[in-house]
Amino acid sequence: MLAKGDFFANSSSPHHLGRQSASQILSVTDSLKDFFQLSKFDVFYHSGTTEAFNTFILNYVLQQRPFLFVYSPLDHQCVLANRQRVERMGGSCLALLHDENGDLQLEQSLKLIEEQKRKTNLPVFVNYTWVNNETGVCWPLENALKIKKAVSAIIHVDATQSIGKIAKDRELLAELDLYSYSAHKFGGMKGVGWSFVKDLGLWQPIMLGGSQQKLRSSTMNNLSIISIAMALDELKENKNDQLAQQLNQFKQELAQVIGQAGQVLCLHSQNTNCNTLSFFLKKYPAQMLIPLFEAQQLVVSSGSACSSGTSQGSHVMNALGHGQWARNLIRISLDPTIKSEQCQNLQKATVALIQKLI
Ligand SMILES: Cc1ncc(COP(=O)(O)O)c(C=O)c1O
């Protein structure tokens with residue numbers, strides 16, 4: 001339990017309680033740099049990756065610096081929604097290429113970026129999603145570094161889905177420029193996150209006011225910031241391998257049962273996380289399936305939480321060539337603390353339900 005008196009004060013207040021809050025935030029910052037071995041980076045706290053990404057891209061837009069924006073159609077909507085802004089201010093957008101398993105096609109993508117850079121002579125800013133939230137497919141950071149080296153790009157890594165979900169979650173590359181996180185993805189509070197920023201001097205705040213941070217005004221959310229360190233502490237023991245094996249068995253069995261009636265997404269990807277399984281049945285929209293899972297006390301989602309309310313369904317399904325069934329995507333996310341027996345029960349219940357339906 002957190003003691004109220006210890007954490008209550010505004011970290012910008014000059015009195016000793018304020019200084020105490022400020023020093024707690026500093027110690028979280030130190031533990032983040034230590035955990036991820038990025039001692040030379042600055043830490044910028046915000047409300048989550050959506051705010052972080054918008055802050056970085058709006059830097060170009062507000063300063064009217066046209067640029068070549070490289071993204072993937074599989075990226076989160078907080079990235080994709082910015083394409084129009086970029087084009088309106090005279091910049092240009094270019095999509096990275098991927099195959100049917102959601103893996104990056106690096107060589108072909110590099111060719112396109114180099115060609116476009118030659119044509120436009122614009123600086124390149126890349127959003128590189130490390131782990132996809134709908135498919136669980138992981139794109140190695142080494143490929144982002146290759147892009148950076150080829151065209152001197154600034155690389156923003158959307159690292160939101162990495163912590164606790166891939167074996168190399170702590171192995172960040174110091175050559176890349178920006179990494180953004182949301183705390184609620186690994187057990188911290190909702191509405192708080194942070195970015196590692198390599199060169200703070202390149203960026204301006206979007207929200208002006210009290211200058212609490214170089215990149216953001218507004219009173220610091222110290223309780224939520226402390227939750228980041230607490231959640232990371234819980235994750236120190238990495239059980240990725242065991243979970244990944246179980247998930248793989250689950251995927252294989254489900255794919256067999258589904259057969260031609262649908263598909264388990266990205267089943268043959270080269271590299272996936274340990275907790276995301278997405279599938280669709282051609283005959284059943286997610287809206288029909290979710291209550292059937294719920295009747296068995298199983299909580300599943302449809303695509304990403306932010307697109308579940310939209311009528312178009314999952315943009316990731318479109319990007320993977322399954323647009324016809326974009327509203328049918330079901331995503332099962334395993335809690336990283338799930339016990340082996342619980343996972344087996346979930347697998348049995350899911351398989352039994354699908355068998356009844358097809
Ligand atoms: C890959 C990815 N990027 C960005 C975000 C946006 O995070 P937030 O809603 O915390 O700002 C999410 C959230 O689901 C995500 O999964």
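## Two domains

The C-alpha centres of domain 1 and domain 2 sit 28 Å apart. Domain 1 runs over 4-234 and domain 2 over 240-357, with bounds that come from an automatic or database domain assignment. Across the divide, 22 residues of domain 1 are in contact with 26 residues of domain 2; "in contact" says that two C-beta atoms, placed from the backbone, lie within 7 Å. On the domain 1 side of that meeting, you'll find nine nonpolar, nine polar and four charged residues. Here Ala, Val, Leu, Ile, Met, Phe, Trp, Tyr, Cys and Pro count as nonpolar, Asp, Glu, Lys and Arg as charged, and the others, Gly among them, as polar.

Keep in mind that this is a predicted model, where local features need pLDDT of at least 70, side-chain atom pairs count only at pLDDT 80 or more, and totals for chains, interfaces and linings use all residues. Residues are numbered from 1 along each chain as its sequence is written.

Helix H2 covers residues 16-35, and its 20 residues reach 28 Å from first C-alpha to last, close to the 28 Å expected at 1.5 Å a residue. That expected span is 1.5 Å times one less than the number of residues. Helices are DSSP runs (H or I, at least four residues), numbered from the N terminus.

Ser-21, Ile-25, Val-28 and Leu-32 are the buried residues of H2. They lie on the same side of H2, because they cover an arc of only 55° around the axis, the arc being that of the directions from the helix axis to the C-beta atoms. An α-helix has 3.6 residues a turn, so residues three or four places apart point the same way. The face turned away from the buried side carries exposed His-16, Ser-23, Leu-26, Ser-27 and Asp-34. Buried calls for 20 or more other C-beta atoms within 10 Å of a residue's own, exposed for 12 or fewer, and partly exposed falls in between, with C-beta atoms placed from the backbone.

Leu-235 is in the loop between H8 and helix H9 (240-258). Leu-235 counts as partly exposed because it has 17 C-beta neighbours inside 10 Å. Leaving aside neighbours within four places in sequence, Leu-235 is in contact with Ile-163, Gly-164 and Phe-186. Phe-186 is 49 residues away along the chain, yet the two C-alpha atoms are separated by 8.2 Å.

Technical notes:
Helix = DSSP H or I, 4+ residues; strand = E, 2+ residues; numbered from the N terminus.
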